[in-house]
Amino acid sequence: MSSAWSNSTLETYGSGLLVFHVVCDHKQITEPDRAPAPPVLIAAFIATLSGAYSAKTINNYVHGVRAWHILHSLPWTINDPEIDALLKASASLAPMSSKRKKRAPFTTALLATLLSQLSLSTPRDAAVWACATTVFWAVARIGEFTLPRLNAFDPVQHVTRAGMRAAVDRDGRAQVVFALPCTKSAPNGEDVYWARQEGSIDPQSALENHLRINNPALADPLFAYLHHGKLRPLTRSALISRLHQAMSNAGSPSLPSHGLRIGGTLEYLLRGVPFDVVKAKGRWASDAFTLYLRCHAEIMAPYMQATPAVHESFIRYAMPPVR
């Protein structure tokens, strides 16, 4: 049953369960009284963490305790409205240090700046640039194309060169498709894709350059690169470190790694791609997608003009369905 959650989720839930037992120990709650956990205990758990942790962290920890109950077939008799109210209260009490700044996106201009600081004839930079452009134009997560550690490669979980294929629609439009074996939201895998772009930040050219210089085998990690004569998987930390270094050399502020996915989302929206199409491409399953509509006036500008016809696609997306 543990396979119902991704490894990263289980790690977070494990931390929450540890904190839950620490709180119980501090309050001298006996083990038989911890599971199944009564509503008053979960409420006390949330109240104890409020003011010390972010609301998101507390929410994850509560879900970790819930998952623990599910795994052990224990009843979860929690009053959801009460818990929701407590979690909402915890958000207002969260310390400022726990609140992240809004994540700035990469833009096509910043990608061009980044490119100016890379040497695409070197194996590592060739892999970094190919990976960065693929993540951007596929609206993917960095972790879907990199490894957490050098020795963590598993073809069941990580994309290989064999997982890449060319596709053409019935009108002759070409795209490159990447079969991700396992993702956080799709344990059985899913596809992401991009098409050739104009200019220097074309992912097709970046990928072809990487494959020409590093030439990983079909069974190797897609963005593995030559290091002292041997192929080395591209890790998340190596990619982010090189991106930060290049941006620093260009005199630009470093952006969070998630900024590539945000940037790809914004670029397609600014091109006028319909909201629901971009949401599907980015595999956004929650309302988090709507944050990009609120935070960037450029996206909304065409839908705020005097011409009613311009509003139509936005209204279809934004208005609630008729019940």
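A crossing of two helices is left-handed if the near helix is turned anticlockwise from the far one by less than a right angle, and right-handed if clockwise. Helices (H or I, at least four residues) and strands (E, at least two) are DSSP runs, numbered from the N terminus.

This is a predicted model: local features need pLDDT of at least 70, side-chain atom pairs count only at pLDDT 80 or more, and totals for chains, interfaces and linings use all residues. Residues are numbered from 1 along each chain as its sequence is written, and side-chain values use heavy atoms, with hydrogens and water left out.

**Stop 1: H6 and H7**

Select residues 123-138, helix H6, and residues 203-214, helix H7. Two packed helices are described by the angle between their axes and the distance between the axes. Here the angle is about 150 degrees and the axes lie 8 Å apart. Axes are lines fitted to C-alpha atoms, for helices over the stretch in contact, and angles run from 0 to 180 degrees between N-to-C directions. H6 is therefore roughly antiparallel to H7 (angles under 35 degrees count as roughly parallel, over 145 as roughly antiparallel, 65 to 115 as roughly perpendicular and the rest as oblique). The crossing of H6 past H7 is left-handed.

Now show the side chains. On H6, pick Pro 123, Ala 126, Ala 127, Trp 129, Ala 130, Thr 133 and Trp 137. On H7, pick Pro 203, Ala 206, Leu 207, Asn 209, His 210, Ile 213 and Asn 214. These residues make the contact (heavy atoms within 4.5 Å). By class, 10 are nonpolar, four are polar and none is charged. Ala, Val, Leu, Ile, Met, Phe, Trp, Tyr, Cys and Pro count as nonpolar, Asp, Glu, Lys and Arg as charged, and the others, Gly among them, as polar.

**Stop 2**

Select Asn 214, in H7. Its relative accessible area is 3%, so Asn 214 is buried (buried means under 20%, exposed over 50%, partly exposed in between; 1.4 Å probe, protein chains only). Its side chain reaches the backbone oxygen of Pro 123 at 3.1 Å. Beyond four places in sequence, the contacts of Asn 214 include Tyr 225, Leu 226 and Leu 231.

Go to His 210, also placed in H7. His 210 is buried, at 0% relative accessibility. Among the residues it touches beyond four places in sequence are Ala 130, Asn 215, Leu 222 and Phe 223.

**Stop 3: Arg 242**

Which side chain does the side chain of Arg 242 meet in a polar contact? The partner is Asp 125, at 2.7 Å. A polar contact is a pair of N or O atoms within 3.5 Å; within protein, one must be able to donate a hydrogen and the other to accept it, and residues adjacent in sequence count only if both atoms are side-chain atoms. Arg 242 lies in helix H8, residues 236-249. It is buried, at 8% relative accessible area.

**Stop 4: backbone exceptions**

Most residues other than glycine have a negative phi, and most peptide bonds are trans. Select Val 139, in the loop between H6 and strand S1 (164-168). Its phi is positive, about 50 degrees, and Val 139 is buried at 1%. Asn 215 has a positive phi too, about 45 degrees. Finish at Ala 35 and Pro 36, joined by a cis peptide bond with omega about -5 degrees.
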